[in-house]
Amino acid sequence: MSEHPATSHVEDAIADCPRCQKPQPLCICDSVTPVESRIKLLILQHPQEQDRALGTARLAAQHFKDAVVRVGLSWPSLAKALGRPVADPSRWAILYLGSAKAADLDPQSEVIALTRKGEAADNQRAILKSVAGIILLDGTWSQAKALWWRNPWMLKCQRVILGPRRPSRYGHLRREPRRDGLSTIEAAGMLLGALEQRPDIAATLDASFERMLARYREVERSHPELTPRPKPRRNQDRRRSRSSF
């Protein structure tokens, strides 16, 4: 026989939240705290990123009034992806997932602006202070790489990397391919908090992430069919070449 009828009926009966798109038992949207931010947020999600139970892109975006989440593979320009005009794309920073590591360039900095050669840029303070928006690529390593290559307009944006002081709060629930890998909501909080010099932004998003993980663990015990463990995120492309992007 195939799957148990009872399990199938349970999954069919549980609706998804229209905001975070998680099954309702996993939703924490009613606890999201709005955050004021001068820097705008754009999250580009690969269409094959299917980890609804543990994904954080839409949860992160809910904290900010003008945040945008787009699902797709390519857009002709930053303005098209964002859905509104952009005066200067070079003032938008993209979280770069290449081989450069903050620990090797400047262990004391949380955010480092890069040159196209993957080196720390001169005038860090001036560059980071001028950032008007940030772009996060949501998906596995290979999916994020596909988004990068399919959108050449990203070359006009400022590349930045993060130097997290601690590993992702995912822990054993989902292993990241690199020790400095973070969830989308952690990356958004850390990047915006550092750029605006407002630790409350990171604290607010981290708290939401903690609540999401706590809810996941609760539901995992009561409705395991809603909390499938994702496969480990691999980084095969980076092992083949030291220059991922």
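## Basis and overall make-up

In this predicted model, local features need pLDDT of at least 70 and side-chain atom pairs count only at pLDDT 80 or more, whereas totals for chains, interfaces and linings use all residues. Residues are numbered from 1 along each chain as its sequence is written, and side-chain values use heavy atoms, with hydrogens and water left out.

The chain contains nine helices and six strands, taken as DSSP runs (helices H or I, at least four residues; strands E, at least two) and numbered from the N terminus. Of its 245 residues, 47% are buried, where buried means under 20% relative accessible area, exposed over 50% and partly exposed in between, with a 1.4 Å probe and protein chains only.

## Salt bridges

Eight salt bridges are present, each defined as a side-chain nitrogen of Lys or Arg within 4 Å of a carboxyl oxygen of Asp or Glu. In one of them, Asp 16 pairs with Arg 52, with the closest N and O atoms 2.6 Å apart. Asp 16 lies in the loop between helix H1 (5–13) and strand E1 (40–45), and Arg 52 in the loop between E1 and helix H2 (57–62), so this pair ties together parts that are 36 residues apart in sequence. Asp 16 is partly exposed at 40% relative accessibility, and Arg 52 is partly exposed at 41%.

## A buried network

Arg 169, Glu 186, Asp 206 and Glu 210 are linked in a network of salt bridges. Arg 169 bridges to Glu 186 with closest N and O atoms 3.5 Å apart, and both of these residues are buried. Arg 169 also bridges to Asp 206, again with closest N and O atoms 3.5 Å apart, and Asp 206 is buried as well.
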